[in-house]
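Trainee: I have a model open and would like to learn how to read it. Could we go through it together?
Mentor: Gladly; here it is.

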Amino acid sequence: MSATTTTAAATVLNPAGFQLPERQLRALRWTIYIGYLALTAGIFHGLAQALSYADIDILKFFPFLRSYYQGLTAHGVANVIVFTFSFSNAFLPLLVARAFARKLNEGLLWASLGALALGNMLLIYSIASGKASVLYTSYAPLQAHVTFYLGVVLVVVSTWLALANMLVVYVSWRKENPGLRIPLLAFVCLTSYLMWFLASLPDAVNLLAFLIPWSVGWLEKTDPLLNRTLFWFTGHAIVYAWLLPAYVSWYLLIPKQVGGRIISDSLTRFVFILFLLLSIPTGFHHQYTDPGISQGMKFVHAILTFGVFFPSLATAFSVAASLEMGGRNHGGRGLLGWIKKLPWSNPSVLAQLLAMIAFVFGGITGLINASYTMNQVIHNTTWIPGHFHMTVGSAVALTLVGVAYWLIPYLTGRKLWNTRLALVSSWTYFVGVLIFARGMADAGLHGMPRRIYRVQAGYNNIEWDLGGVLTGIGGSLMFVGLLLFFVIIAMTIFFGKKGGAPRDIPWSETLTAPKLSGWEVRYDNLKLWVAVAIVLILIAYGPFFLGMYSPNFVSPGFKFF
Amino acid sequence: MSKVLVYEKSFLTTGVILLILCLGALVYATLAMGIHLPGRAGILDPARLNSTPPFDQPGVRQTGPNAYEVVVRAYAFGYEPSEIRVPAGAEITFVGSSRDVIHGFNIEGTRINMMLIPGQVSKNVYTFKEPGEHLLICHEYCGVGHHFMHGKVIAE
């Protein structure tokens with residue numbers, strides 16, 4: 001497979017380069033700093049949790065903490081809501097601006113940052129004051145203080161404003177360029193956040209129509225099954241909202257970083273459209289063990305969940321092909337010789353390669369979770385956090401770490417501080433997460449429940465001990481890895497050498513240019529795909545809400561924390 | 001380039017066949033082996049749980065020649081009854097509900113794994129093949145005492 005014999009096409013409009021004005025870069029920098037700060041803040045309790053499973057109690061060293069579950073709430077909210085969306089709110093608009101070679105809307109940019117910052121302050125207040133120890137899933141009828149729900153709403157609003165910004169740029173570009181294909185880089189970013197916008201609506205209804213009025217007393221009682229269903233209506237797609245920005249990097253940026261190219265423009269568009277269509281109508285697979293939902297509905301969602309595995313399979317192929325192309329361009333020979341020739345010593349590439357490897361196991365364990373009756377073996381055991389630390393906790397987190405290694409220098413104009421330490425950080429985290437997940441999976445298969453303060457638990461099973469110890473060892477390595485990451489980023493921001501930073505984002509070329517006529521042009525019809533997505537959602541959730549579900553508003557709020 | 005497309009096609013075809021086989025196995029487990037998920041089993045008012053049948057009489061009762069029903073009420077942070085004794089080899093229907101927040105109902109070492117959601121009745125069927133003692137664990141966060149909430153199921 002030789003990349004030199006074919007015509008390549010840019011995935012951005014202006015290959016010569018484009019820089020946003022400094023004021024806009026500043027807003028993006030602060031948005032991203034909030035995310036990486038949240039990541040770092042969240043891992044301290046993560047360490048306490050992992051050690052608790054190994055029967056080691058370090059919570060006495062956290063004097064400001066009222067309970068394990070207050071810390072667990074902070075860990076979840078900081079690491080999967082604030083970290084992920086702060087990153088995407090900056091990353092995706094930045095790439096869209098670059099792809100169209102156009103400035104962002106400054107009002108929307110600062111409004112998005114403002115909503116994110118205010119949302120964070122409310123979340124920090126509600127969690128730190130002990131009024132919201134409901135974990136990130138916040139299942140009613142456990143009732144948090146209203147500031148918790150408002151905080152989540154504001155973070156979601158910040159993502160809507162980031163999407164609005166990208167759409168404004170797109171629409172103004174489209175007006176001036178009616179016949180052109182959307183640059184691939186912009187296309188994937190737009191579809192990612194369009195999917196998330198649709199996905200976020202059910203939980204927005206849950207928060208605005210039920211949980212917020214209920215938490216201030218306007219609504220006396222709520223229906224916990226309805227709240228839970230609306231949460232998971234958003235809650236499975238949310239994992240794709242975390243994952244797709246990582247996929248954007250794997251598809252569009254990594255090929256450039258390893259010296260390869262994107263193998264197919266149309267396959268990439270197709271995959272992102274499939275994610276837009278299939279990510280949302282799958283939520284019941286988180287509720288297999290719930291009462292009040294028929295087995296038939298659950299099975300429909302099982303099939304659709306297996307369906308959304310398909311674009312991930314396609315991704316595995318495309319990304320591996322791009323990597324192979326890069327490895328061979330660097331002189332790799334033989335069936336697997338190209339792997340050695342990948343730039344493993346580039347910290348940005350290394351973190352993302354390790355993210356991909358961990359994601360293989362994350363994907364397989366995810367398929368097991370989705371497997372209908374088999375889910376009863378592992379539902380709400382530690383198997384589940386074992387699984388998602390290899391998806392959001394590796395595929396996403398390590399990719400965002402890897403992206404930071406070029407993005408922070410790009411945004412600050414400073415050279416990355418200590419490349420070697422960055423390599424150590426990623427390896428430490430990667431080895432850690434594999435040990436951690438192995439431990440959690442093992443104990444989970446023996447029935448160890450997730451979300452318990454094991455050191456103090458009123459029951460035990462010796463079959464959990466080995467898994468618990470592995471969890472503790474792995475979790476400690478993960479903590480050290482991410483702490484090193486924080487040090488590297490902080491040192492880069494404050495003491496990194498000026499100059500020597502990348503001037504452009506590492507966008508890749510595709511092997512062939514997108515076609516300007518024929519059916520493939522329809523890929524760019526975003527309105528059409530959003531409409532199809534809505535139809536699929538109605539098919540998957542319509543029967544439940546219109547016929548099978550019996551409203552049962554019986555629950556006042558409880559504050560058992 | 002054309003080679004890549006061929007590889008891609010065969011990779012994706014293999015993947016799809018694998019997914020379909022997995023789905024087939026699940027259909028087989030459900031229809032042929034009789035392994036079911038909880039479904040819709042009725043609604044109630046959790047404030048009146050203690051006086052709503054069958055939850056007014058928690059415990060084990062025989063419903064057929066080799067069939068038993070186990071009715072369990074969950075609350076923060078325990079189960080009523082907290083110790084359940086059932087015969088091994090009999091078909092046991094577990095029926096549970098919560099009178100306050102969401103709780104879990106997981107009998108360790110079995111596939112009985114249900115959420116107890118206030119207002120909803122959870123139900124599933126299981127047969128213990130061997131005598132033995134199992135932990136009954138609340139595996140959904142329910143408040144500060146969550147890690148104390150457990151019971152015991154003894155098949156004898």
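Trainee: How many residues does the contact take from chain A and from chain B?
Mentor: Two residues are in contact if their C-beta atoms, placed from the backbone, lie within 7 Å. On that basis, 58 residues of chain A and 55 residues of chain B take part. Keep in mind that this is a predicted model, where local features need pLDDT of at least 70, side-chain atom pairs count only at pLDDT 80 or more, and totals for chains, interfaces and linings use all residues. Residues are numbered from 1 along each chain as its sequence is written, while chains are lettered from A and ligands numbered from 1 in the order in which they are written.

Trainee: At what angle do α9 and α17 of chain A pack?
Mentor: Axes are lines fitted to C-alpha atoms, for helices over the stretch in contact, and angles run from 0 to 180 degrees between N-to-C directions. For α9 (residues 295-329) and α17 (residues 526-548) of chain A the angle is about 165°, with the axes 10 Å apart. That makes α9(A) roughly antiparallel to α17(A); angles under 35 degrees count as roughly parallel, over 145 as roughly antiparallel, 65 to 115 as roughly perpendicular and the rest as oblique. From α9(A), Met297(A), Val300(A), His301(A) and Leu304(A) meet Ala540(A), Pro543(A), Phe544(A) and Met548(A) of α17(A). This contact has seven nonpolar residues, one polar residue and no charged ones.

Trainee: How are α7(A) and α14(A) oriented to each other?
Mentor: Helices α7 (residues 237-258) and α14 (residues 391-412) of chain A pack at about 40°, their axes 9 Å apart. They are therefore oblique to each other. Among the residues that meet are Trp242(A) and Leu243(A) in α7(A), and Val396(A) and Leu400(A) in α14(A). The whole contact divides into nine nonpolar, three polar and no charged residues.

Trainee: What radius of gyration does chain B have?
Mentor: The radius of gyration is taken over C-alpha atoms, and the globule rule is 2.2 Å times the number of residues to the power 0.38. Chain B has 20 Å, whereas a compact globule of 156 residues would be near 15 Å. Its C-alpha trace spans about 70 × 40 × 30 Å along the principal axes. Chain B is divided into domain 1 (1-35) and domain 2 (46-155), with bounds from an automatic or database domain assignment. Their centres, taken over C-alpha atoms, are 37 Å apart. The secondary structure of chain B comes to one helix and ten strands.

Trainee: Which residues does a cis peptide bond join in chain B?
Mentor: Ala76(B) and Phe77(B), with omega about 10°. Phe77(B) sits in the loop between β2 (67-75) and β3 (78-80) of chain B. In chain A, Ala140(A) and Pro141(A) are also joined by a cis peptide bond, with omega about 5°.

Methods: Helix = DSSP H or I, 4+ residues; strand = E, 2+ residues; numbered from the N terminus. Nonpolar A, V, L, I, M, F, W, Y, C, P; charged D, E, K, R; others polar.
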